[in-house]
Amino acid sequence: MSIQQSDVLYTAVATAENGRDGRVATDDGKLDVVVNPPKELGGSGAGTNPEQLFAAGFSACFQGALGVVARQEKADVSGSTVTAEVGIGKNDDGFGIIVKISAVIPNVDAATARELVEKAHQVCPYSKATRGNITVELAA
């Protein structure tokens, strides 16, 4: 379910110069990075790239969603980590991405970890935004 502009609590603003081979900065100056295509896509690989930035955002957001679900389920997710792997490749209409989310939750059994990850995937805003648009694989 989408939100309306009146429901927005925070808006991040970032501006890119020269696309995938330039610079990206936020309006508050907290993020200011050089972006370059990775060597695998014919770039220099000298800077970060959009896929790394997306992976960083997705993993942080998913970790937050995992915490929300864990509190609801009274599960201990302290010491847990979430890793997002974002792949890019050619598809029928240019390029597309694929994501793998892996969570390590040391204080619960494997079945509980899997259940928590599945529930986090239902509430994570990044998961919601990508649902039905890209393949997202989950692992715990």
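# Reading salt bridges in a predicted model

Tutor: Let's start with Glu115, which counts as partly exposed at 41% relative accessibility. Keep in mind that we are looking at a predicted model.

Student: Which residue does Glu115 pair with in a salt bridge?

Tutor: To call a salt bridge, look for a side-chain nitrogen of Lys or Arg within 4 Å of a carboxyl oxygen of Asp or Glu. Here the partner is Lys119, with the closest N and O atoms 3.2 Å apart. Both residues belong to helix H2, and their spacing of 4 residues is about one turn of the helix.

Student: What is the relative accessible area of Lys119?

Tutor: For Lys119 the value is 31%, which makes this residue partly exposed. Lys119 also meets the side chain of Glu73 in a salt bridge, at 2.9 Å from N to O.

Student: Where do Lys119 and Glu73 lie?

Tutor: Lys119 sits in helix H2 (residues 110-123) and Glu73 in helix H1 (residues 50-73), so this pair ties together parts that are 46 residues apart in sequence. Glu73 is partly exposed as well, with a relative accessible area of 36%.

Student: Back to helix H2. How far apart are the closest N and O atoms of Arg114 and Glu118?

Tutor: They are 2.9 Å apart, and the two residues form a salt bridge. Arg114 and Glu118 are 4 residues apart in helix H2, which puts about one helical turn between them. As for accessibility, Arg114 is partly exposed at 35%, and Glu118 is partly exposed at 32%.

Student: How many salt bridges does the count give?

Tutor: The count comes to 6 salt bridges. Among them are Glu115 with Lys119, Lys119 with Glu73, and Arg114 with Glu118.

Key. Residues numbered from 1 in each chain as written. Predicted model: local features only at pLDDT ≥ 70, side-chain atom pairs only at ≥ 80, totals over all residues. Heavy atoms only, no water. Helix = DSSP H or I, 4+ residues; strand = E, 2+ residues; numbered from the N terminus. Buried < 20%, exposed > 50% of the residue type's maximum accessible area, 1.4 Å probe, protein only.
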